Amino acid sequence: MKNFKINQIDYRYVLVDTYKSLNLNEYDLAVLLVIDNILREEPVLVTAELLALKMNIDVKELDNILVSLVNRGFLEYVSISNNSLSLVTSLRPTYNRLQENFVRGIVTSVHLEDSRVKKEEISNIFASFEREMKRTLTPIELEKIREWVSQGIKEEMIIDCLREVMSKSKRVSLRAVDRAIIKRMTSNDREKEGYSAINDKWKQDIENTIDIANTKWTDE
């Protein structure tokens, strides 16, 4: 496995670090590492007898471990020629599992970081609205702000639109802020693309949704 790397990460270290999460025990780990060491020299069929020359484990126990590792998808035997009897041991299944876990870990980390950033943005926006409006936001208002953030609308734009609405009217509503956001997004789209996908129907749908909520904060 010495060449099984992503960004120079040696998967032997990944294996040692994550073997427990793969439901491997210390004997399984030791056998896999010894097999890896043997296969670094040349492809061979690694038997319990060969392992016993390098390990302080009984041959019968080693044979049981090998069978278990094959059955659980950590080892396989592959042909190195057209002769089906000419087989060698391969750690490719173990490598594939480690690679999948490694990539999954990266994706999870990115997702968690993205979630953390969004939570911080939402918290900052909540605080800005309550500070500027001098009151606690209603549950529907809180949900509307979460919706803006989930749609990828940046914190800076939302707060800018809030301040824009406040500069024009003493009475601020989230409907007015929503309109300001749509107007800003439409303007940005037209500048970049020459047109905007945010059409009048979408605006009307959003306003209808707010009307359905039928709460005091929607009044202008």
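Lys134 is exposed, its relative accessible area being 71%. The model in which this residue is seen is a predicted one. Lys134 belongs to the loop that joins helix H5 (92–133) to helix H6 (139–150).

**Helix H2**

- Helix H2 covers residues 26–39, and its 14 residues should span 20 Å at 1.5 Å a residue; the C-alpha atoms at its ends are 20 Å apart, in agreement with that expectation.
- The buried residues of H2 are Asp28, Leu29, Val31, Leu32, Val34, Ile35, Asp36, Ile38 and Leu39.
- An α-helix has 3.6 residues a turn, so residues three or four places apart point the same way.

**Nonpolar cores**

- In soluble globular proteins, nonpolar side chains tend to be buried together.
- The largest nonpolar core comprises 28 residues, and Leu15, Leu24, Val31, Ile35, Leu51 and Leu69 have the most contacts inside it.
- At least two residues of this core come from each of H1, H2, helix H3 (48–52), helix H4 (59–71) and H5.
- H2 provides the largest share of this core, namely seven residues.
- Leu51 touches Val31, Val34, Ile35, Ile38, Val46, Leu62 and Leu66, when residues up to four places away in sequence are not counted.

**Loop residues with positive phi**

- Most residues other than glycine have a negative phi.
- Asn23 has a positive phi, near 65°, although it is a residue other than glycine.
- The position of Asn23 is in the loop between helix H1 (11–18) and H2.
- Asn23 counts as exposed because its relative accessibility is 63%, and the cut-off for exposed is over 50%.
- Lys134 also has a positive phi, near 60°, in a residue other than glycine.

**Arg179**

- Arg179 is located in helix H8 (residues 174–193).
- With a relative accessible area of 35%, Arg179 is partly exposed, because this class lies between the limits of 20% and 50%.
- Arg179 and Cys161 are 18 residues apart along the chain, and their C-alpha atoms are separated by 8.8 Å.

Note on methods:
Residues numbered from 1 in each chain as written. Predicted model: local features only at pLDDT ≥ 70, side-chain atom pairs only at ≥ 80, totals over all residues. Heavy atoms only, no water. Helix = DSSP H or I, 4+ residues; strand = E, 2+ residues; numbered from the N terminus. Expected span 1.5 Å × (residues − 1). Buried < 20%, exposed > 50% of the residue type's maximum accessible area, 1.4 Å probe, protein only. Core = buried A, V, L, I, M, F, W, Y, C linked by side-chain atoms within 4.5 Å. Contact = heavy atoms within 4.5 Å.
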